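This report walks through one protein chain.

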Amino acid sequence: MTTPRVSKGFALAVALFMLVLLTLIGVTAMKLTATHSRIVGNLQVATEQEMAARAAIETYVTDHPALACEVTPISVCIHQRQVCVSVCTKCIGRGVRNPEGGSISGGKPLYDSYWDISATTEPETLGAEVTIHWGLMIPLSGFCPQEGEGECPICPLGEPVLCPAITCP
């Protein structure tokens with residue numbers, strides 16, 4: 001049995017085409033894997049920055065029961081890394097609860113004060129910057145500087161803050 005001359009080499013062409021096709025599929029899969037790894041890494045950094053900002057706000061509120069308009073640098077540990085966070089507090093409003101005051105306030109009016117507490121992570125540590133805002137109402141605090149009664153900082157600050165060094169476990 002003889003084969004026609006035209007079909008000689010057809011198997012080689014099909015094999016080469018399949019080899020090129022499989023190579024393209026492999027290269028595409030490797031590129032997709034690299035892209036997905038970068039996406040997951042970016043999500044992890046963003047989550048760590050958010051965790052650091054939330055931990056800094058909680059630390060600030062715990063350590064400073066009497067709030068004041070200020071910017072405070074706080075160091076927190078996230079996955080054995082020190083993250084520097086600048087926490088900024090400013091009073092955004094007050095509401096009169098007891099205009100006559102009381103025996104504790106010496107007859108001064110007592111206010112509910114409303115605060116905006118923001119935390120901005122420093123980008124040097126994890127390569128990204130995240131700002132989180134928390135609202136806080138302090139009942140009958142009697143303190144809330146309004147415009148003209150004191151200077152509150154503009155948050156976040158334009159320059160990096162210096163955080164105290166801590167040892168992360």
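## A question of exposure

Is Phe-10 buried or exposed? The model is predicted, and in it Phe-10 has a relative accessible area of 58%. The cut-off for exposed is over 50%, so Phe-10 counts as exposed. Its place is in helix α1.

Phe-10 also belongs to a nonpolar surface patch.

## Overall layout

The protein has 2 helices and 4 strands. Read from the N terminus, the order is α-β-β-β-α-β. Of the contacts with a separation of 6 or more, 63% join residues 24 or more positions apart.

The chain has 169 residues, and 26% of them are buried. The accessible surface is about 11,300 Å². Carbon and sulfur atoms account for 64% of that surface.

## Helix α1

Helix α1 spans residues 10–63, a run of 54 residues. From first C-alpha to last, α1 reaches 79 Å. That is close to the 80 Å expected at 1.5 Å a residue.

Which residues of α1 are buried? They are Glu-48, Gln-49, Ala-52, Ala-53, Ala-56, Ile-57 and Tyr-60. An α-helix has 3.6 residues a turn, so residues three or four places apart point the same way.

## One salt bridge

How many salt bridges does the structure hold? The count is 1. The partners are the side chains of Glu-50 and Arg-54, at 3.1 Å from N to O. Both sit in helix α1, 4 residues apart, which means that about one helical turn separates them.

Glu-50 is partly exposed, at 34% relative accessibility. Arg-54 is partly exposed too, at 33%.

## The nonpolar core

The largest nonpolar core has 20 residues. Val-76, Val-85 and Val-87 have the most contacts inside this core. Helix α1 and strands β1 (70–78), β2 (81–98) and β3 each supply at least two of its residues. The biggest contribution comes from α1, with 5 residues.

Val-85 is found in strand β2. Its relative accessible area is 0%, so Val-85 is buried. Beyond residues up to four places away in sequence, Val-85 touches Ala-52, Ala-53 and Ala-56, among others. Its contacts also include Thr-72, Pro-73, Ile-74 and Val-76. Further along the chain, Ala-119, Thr-120, Thr-121 and Cys-163 are among them. Ser-118 is 33 residues from Val-85 in sequence, with the two C-alpha atoms 9.9 Å apart.

What does Val-87 contact, leaving aside neighbours within four places in sequence? Its partners include Ala-56, Ile-57 and Tyr-60. Among them are also Glu-70, Val-71, Thr-72 and Ile-74. Ile-117, Ser-118 and Ala-119 are on the list as well. Ala-56 is in contact with Val-87 and with Val-85.

## Strand β3 and Ser-113

Strand β3 covers residues 110–121 and holds Ser-113. Is Ser-113 buried or exposed? With a relative accessible area of 0%, Ser-113 is buried. The cut-off for buried is under 20%.

Arg-94 is 19 residues away along the chain, yet the C-alpha atoms of Ser-113 and Arg-94 are separated by 4.4 Å.

Technical notes
Residues are numbered from 1 along each chain as its sequence is written. This is a predicted model: local features need pLDDT of at least 70, side-chain atom pairs count only at pLDDT 80 or more; totals for chains, interfaces and linings use all residues. Side-chain values use heavy atoms; hydrogens and water are left out. Buried means under 20% relative accessible area, exposed over 50%, partly exposed in between (1.4 Å probe, protein chains only). Contact means heavy atoms within 4.5 Å. Accessible areas come from the Shrake-Rupley method with a 1.4 Å probe; for residues, only the protein chains shown count as cover. The expected span of a helix is 1.5 Å times one less than its number of residues. Patches are made of residues with over 30% relative accessible area and no salt bridge: like charges are joined within 9 Å, nonpolar side chains (Val, Leu, Ile, Met, Phe, Trp, Tyr) within 5 Å. A salt bridge is a side-chain nitrogen of Lys or Arg within 4 Å of a carboxyl oxygen of Asp or Glu. A nonpolar core is a set of buried Ala, Val, Leu, Ile, Met, Phe, Trp, Tyr and Cys residues joined through side-chain atoms within 4.5 Å.
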